Amino acid sequence: MRKLLLSSVSLGLLAAPALAEISDGKVRIGILNDQSGVYADFGGKFSYEAARMAVEDFGGTVLDAPIEVVTADHQNKPDIASNIARQWYDTEQVDTIMELTTSSVALAVQALSVDAKKITMTTGAATTELTGAQCSPYGFHWAYDTHALAVGTGGALVKEGGDSWYFLTADYAFGYSLEENTGEFVKSQGGEVLGAVRHPLAITDYSSFLLQAQASGAKVIGLANAGADTQNSIKQAAEFGITAGGQRLAALLFTLAEVHGIGADSAQGLTLTESFYWNRTPESREFAERFKERTGAMPNMVHAGTYSAVTSYLKAIEAAGTDETEAVAAKLHEMPVEDFFAESGKVAPNGRMISDVYLLEVKAPGDITEEWDYFNVLATIPGDEAYMDPAESGCPLVQG
Amino acid sequence: MIFGVPVQALMGQLLVGLINGSFYALLSLGLAVIFGLLRVINFAHGAQYMLGAFVALLLLTVGGVNYWFALILAPLFVGLFGAIVERTMLSRLYKLDHLYGLLFTFGLALAIEGTFRYFFGASGKPYAAPAQLTGAVNLGFMFLPIYRGWVVIASLIVCFAVWFMIEKTRLGAYLRAATENPVLVQSFGINVPLLLTLTYALGAGLAAFAGVLAAPVYQVSPLMGTNLIIIVFAVVVVGGMGSILGAIVTGYMLGVVEGLTKVFYPEASNIVIFVIMAIVLILRPAGLFGKDA
């Protein structure tokens, strides 16, 4: 009996140092995004489910410590998001915050996390500012950004002769970033930007703005908005005869979730850019089928990207042998990203995860043979072309 | 050119404003009826509007019932739902402060919208316009979708009918009397609680009617009412709480003002109505058409 006691004590002593590498004895991942507003299908509870799948597939523990996923709704408001983030870090032992749909929110939480010395991995927000002037040593940006969308969708349309653009822009950080990136890219390809109109987030009627875009005579109307805003813009553009009149719509941020929402009838022929399409490889398909079983929907790039980010984070903890922020961030920067989402991904010094993006086209309703199989893959854009050169991103961490 | 904007473009914007005004008018009409006669601030109005659109969608996808029948059936269903809510819950709050009615309907709206978001997701579903009303006419200065023209006409007819019923018919007179002095009206043998239930059902039905009208224009989504309801409240306040004519006229008027703002200063288009509301509250606290100052 005494022997048994002794050995269990010594076992305990042996086990203790290993556990001590993980703060509070567990790894807690926070998924913070919009779960009730315009972006609830774009990311929402689906991203939470993707994160949980990543944890389960990882085995539920890392370095013998259990992994937990917590989630909250930030309602697209940076102040609410900041409060939740502080509470998570200060009192609820959350080690990292991920997803962060809505650029204004992502910028706020990433900045706050530098002070708290915590890792953020953004998959749902688009602005290049996250890895540009406002980059962070602990901030990572997965899945996509406005630069990749501009190069993908913008580039494709300019190539097809759409050399004059007018923008319909959501009036906040993300819209500006998307408009600016796309405008610059269009100009660099020899096109011109005739003007832009800024609309408030989450309104219902876009016809006034669309009429202004129509009157501009631009060949392409760039929709620098997202989620339900883009859906209604597309529907109403068809209604007012804009597409029938020969002007093309560029849905700059439009994913599988939104295409499913408006249906192939309204969306057919649209070109769009995503860094993931479920029906592209056997590996992506395998994940997508499991995801659909749990959520009832096929994943878009935000959901798949969240899975990839969570997995990479856990791999980095394992490689570092600790969940200490500096060590994990260093591993994330140095390890390649290889999974069904990114085949040969790498993380640039500014925190940008660089992997291929895909130019997609929505099929005509008659060509869709399988539910959710909405896209043809038109082209694969190599990551180095799609994302901004880190040296030109304006991120102070790169110069050093 | 007017202020640097071509006249043709301006005409187009005025028309678009009028179309949006039609929705504001229909929705604020229902709110004004409920507030004017029941003194309840119906925060569930946006949810009832959304319910109307979803009932139309479900009738089409599940039952194969077309748009025209949905335009009648959806308001009836939602009206019935309103009647049940009024009878079983809301009527218990009449004796209390108005705040309780507001809180109750607000909670109800959150519960309904949350439930629909759970089952249908935030991006919602499309609803096609009926074949008779698809296409567009070229008016010279703009391309007018036929469906939008129908929205303006339908809304004008319904607004007039409701105004006429309440202000000019015997039933309307009972209703107005019942709110002035329920005890006295009851003593004449008129069933006042029934009248109140019918009024709430009418308001809810009007919201659902607007919802069906909106279904082909906007995405049918659980959030469609949330985005609109605050504006509609502002419309009712500007028009004068409870004034039926005020709600209708102000609805159209603010739709046009908002449309013009979208041309001259688009960034302010979602607050211009509230700026007007603030000005009206300062200068005429009872609203433009309010009776008691």
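Here are some questions and answers about this predicted model.

Q: What makes Gly139(A) count as buried?
A: The count of neighbours decides this one. Gly139(A) has 28 C-beta neighbours inside 10 Å, and a residue is buried if 20 or more lie within that distance. Gly139(A) is therefore buried. You can find Gly139(A) in strand 6 of chain A, residues 139-141.

Q: Which residues is Gly139(A) in contact with, leaving aside its neighbours within four places in sequence?
A: The partners are Gln110(A), Ser113(A), Thr120(A), Leu130(A) and Gly351(A). Gly351(A) is 212 residues away along the chain, yet the C-alpha atoms of Gly139(A) and Gly351(A) are separated by 5.9 Å.

Q: Why is Gln75(A) called partly exposed?
A: Gln75(A) has 16 C-beta neighbours inside 10 Å. Buried needs 20 or more and exposed needs 12 or fewer, so Gln75(A), with its 16, counts as partly exposed. Gln75(A) sits in the loop between strand 3 (65-73) and helix 3 of chain A.

Q: What makes Thr102(A) buried?
A: Thr102(A) has 32 C-beta neighbours inside 10 Å, and the cut-off for buried is 20 or more. Thr102(A) therefore counts as buried. Its place is the loop between strand 4 (96-99) and helix 4 of chain A.

Q: Why are helix 3 and helix 4 of chain A called roughly parallel?
A: Helix 3 (residues 78-91) of chain A packs against helix 4 of chain A at an angle of about 30 degrees, with the axes 9 Å apart. Angles under 35 degrees count as roughly parallel, and so helix 3 and helix 4 of chain A are roughly parallel. The crossing of these two helices of chain A is right-handed.

Q: Which residues make the contact of helix 3 with helix 4 of chain A?
A: Helix 3 of chain A brings Pro78(A), Ala81(A), Ser82(A), Ala85(A), Arg86(A) and Tyr89(A). From helix 4 of chain A come Ser104(A), Val105(A), Ala108(A), Val109(A), Leu112(A), Ser113(A) and Ala116(A). By class, the residues of this contact are nine nonpolar, three polar and one charged.

Q: What makes helix 9 of chain B roughly parallel to helix 11 of chain B?
A: Helix 9 and helix 11 (residues 272-283) of chain B pack at about 25 degrees, and their axes are 9 Å apart. The angle is under the 35 degrees of the definition, and therefore helix 9 and helix 11 of chain B are roughly parallel. Their crossing is left-handed. The contact of helix 9 with helix 11 of chain B holds 10 nonpolar residues, with no polar and no charged ones.

Q: Where does chain B touch chain A, and how many residues are in contact?
A: The contact joins 29 residues of chain B with 34 residues of chain A. The elements giving two or more residues on the chain B side are helix 1 (7-38), strand 2 (143-145), helix 9 (224-239) and helix 10 (244-264) of chain B. Helix 1 of chain B gives the largest share, five residues.

Note on methods: Residues numbered from 1 in each chain as written. Chains lettered and ligands numbered in written order. Predicted model: local features only at pLDDT ≥ 70, side-chain atom pairs only at ≥ 80, totals over all residues. Helix = DSSP H or I, 4+ residues; strand = E, 2+ residues; numbered from the N terminus. Contact = placed C-beta atoms within 7 Å. Axes fitted to C-alpha atoms, helices over the stretch in contact; angles between N-to-C directions. Parallel < 35°, antiparallel > 145°, perpendicular 65-115°, else oblique. Left-handed = near helix turned anticlockwise from the far one by under 90°. Nonpolar A, V, L, I, M, F, W, Y, C, P; charged D, E, K, R; others polar.
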